[in-house]
Amino acid sequence: YDSCTTPATKGCGDNEAFVVDGDHFVSALPGNLCITENSDDTLSVATCDPTRPDSQHFALVNGSLKDKSGMCLTASKPAPSPSTSAIIMGRPLAGDLTAAAEAGSATEPGFAVMFVNNDKAAMEAQCNQQCLVSLGLDSARTYAVRDVLGRVHWGTVSPTNFSLHVRLPAGGASAVFRLTEASVLV
């Protein structure tokens, strides 16, 4: 391809060759330029600077080029890291007469809350008062909590203890709960 040879020791054609020098990549073109990781996690080319070891030094790990924090090299800005490894989501539900007859759940509208552990270790996940209120629950009321997957009554969420927490195993484990006002249970 356009007279370039591999491995290249200098730039040729429209390509800019980089020479691996230890654990950083130096351009074969004039100017002593290195691949550099910027503060916004994007990559660029800047003058090689031995005082910037974290932004100009990379490692080959399991076939991927990674920076000192373990992020893969990419030319685009990565998505922001989640603030926690727990994902908690929920929504209001309409009444369900069939489920009430079969599983003893409420015939009135309720709320579904799902927890997912996206971490490599087991963890405690919590949907606190702010979390539950953001789903539409009224913190002045008491709600019965049912473990949907386990098909068991889990307890209650009340004005004195208005939060829901669960211990989740590692690696994508989940728990799903249905919350209904305690006064409308069948």
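Cysteine 34 stands opposite alanine 46, a residue of strand β4. The structure described here is a predicted model. Strand β3 covers residues 33–37, and four of its five residues are buried, so that the strand may be called mostly covered. Its partner, strand β4, spans residues 43–47, and the two strands pair in the antiparallel sense over five bridges. Together β3 and β4 form a hairpin with five residues between them. In the turn, aspartate 41 has a positive phi of about 70 degrees.

Glutamate 37 also belongs to strand β3. Is glutamate 37 buried or exposed? Its relative accessible area is 12%, and because buried means under 20%, glutamate 37 counts as buried. Residues up to four places away in sequence aside, glutamate 37 touches Thr42, Leu43, Arg52, Asp54, Ser55, Phe58 and Asp67.

## The disulfide of cysteine 34 and cysteine 48

How many disulfides does the structure hold? There are two. One of them is formed by cysteine 34 and cysteine 48, with the sulfur atoms 1.9 Å apart. This pair links distant parts of the chain: cysteine 34 lies in strand β3, whereas cysteine 48 lies in the loop between β4 and α1 (53–56), and the two cysteines are 14 residues apart.

The torsion about the S-S bond of cysteine 34 and cysteine 48 is about 100 degrees, and the disulfide is therefore right-handed.

## The disulfide of cysteine 127 and cysteine 131

A disulfide also joins cysteine 127 to cysteine 131, with an S to S distance of 1.9 Å. Which hand does this disulfide have? The torsion about its S-S bond is about -95 degrees, so the disulfide is left-handed. Cysteine 127 counts as buried, because its relative accessibility is 0%.

Histidine 165 and cysteine 127 are 38 residues apart in sequence, yet their C-alpha atoms are 6.2 Å apart in space. Histidine 165 lies in strand β12, which runs over residues 164–168. With a relative accessibility of 46%, histidine 165 counts as partly exposed. When residues up to four places away in sequence are not counted, histidine 165 touches Glu124, Ala125, Gln126 and Trp154.

## The largest nonpolar core

How many residues does the largest nonpolar core have? This core has 21 residues, and those with the most contacts inside it are Phe115, Leu132, Leu137, Phe177 and Leu179. At least two residues of the core come from each of the elements β8 (110–117), β9 (123–127), α3 (129–134), β10 (143–147), β12 and β13 (174–181).

Apart from its neighbours within four places in sequence, phenylalanine 115 is in contact with Ile87, Ile88, Ala125, Gln126, Cys127, Leu164, Val166, Leu168, Ala173, Ser174, Ala175 and Phe177.

## Aromatic pairs

A pair of aromatic rings is described by the distance of the centres and the angle of the planes. A search of the whole structure finds four aromatic pairs. In one of them, the rings of phenylalanine 111 and tyrosine 143 have their centres 6.1 Å apart and their planes at 85 degrees, so the pair is edge-to-face; the cut-off for this class is an angle over 60 degrees.

Which parts of the chain does this pair tie together? Phenylalanine 111 lies in strand β8 and tyrosine 143 in strand β10, so the pair ties together parts that are 32 residues apart in sequence. Phenylalanine 111 and tyrosine 143 are both buried. With Phe162, Phe111 and Tyr143 form one aromatic cluster.

## Arginine 151

Arginine 151 is found in the loop between β10 and β11 (152–157). Although arginine 151 is not a glycine, it has a positive phi of about 55 degrees. Is arginine 151 buried or exposed? Its relative accessible area is 66%, so arginine 151 is exposed.

Terms used:
Residues numbered from 1 in each chain as written. Predicted model: local features only at pLDDT ≥ 70, side-chain atom pairs only at ≥ 80, totals over all residues. Heavy atoms only, no water. Buried < 20%, exposed > 50% of the residue type's maximum accessible area, 1.4 Å probe, protein only. Pairing = 2+ DSSP bridges. Disulfide = S-S within 2.5 Å. Contact = heavy atoms within 4.5 Å. Core = buried A, V, L, I, M, F, W, Y, C linked by side-chain atoms within 4.5 Å. Phe/Tyr/Trp six-rings, centres within 6.5 Å; stacked < 30°, edge-to-face > 60°.
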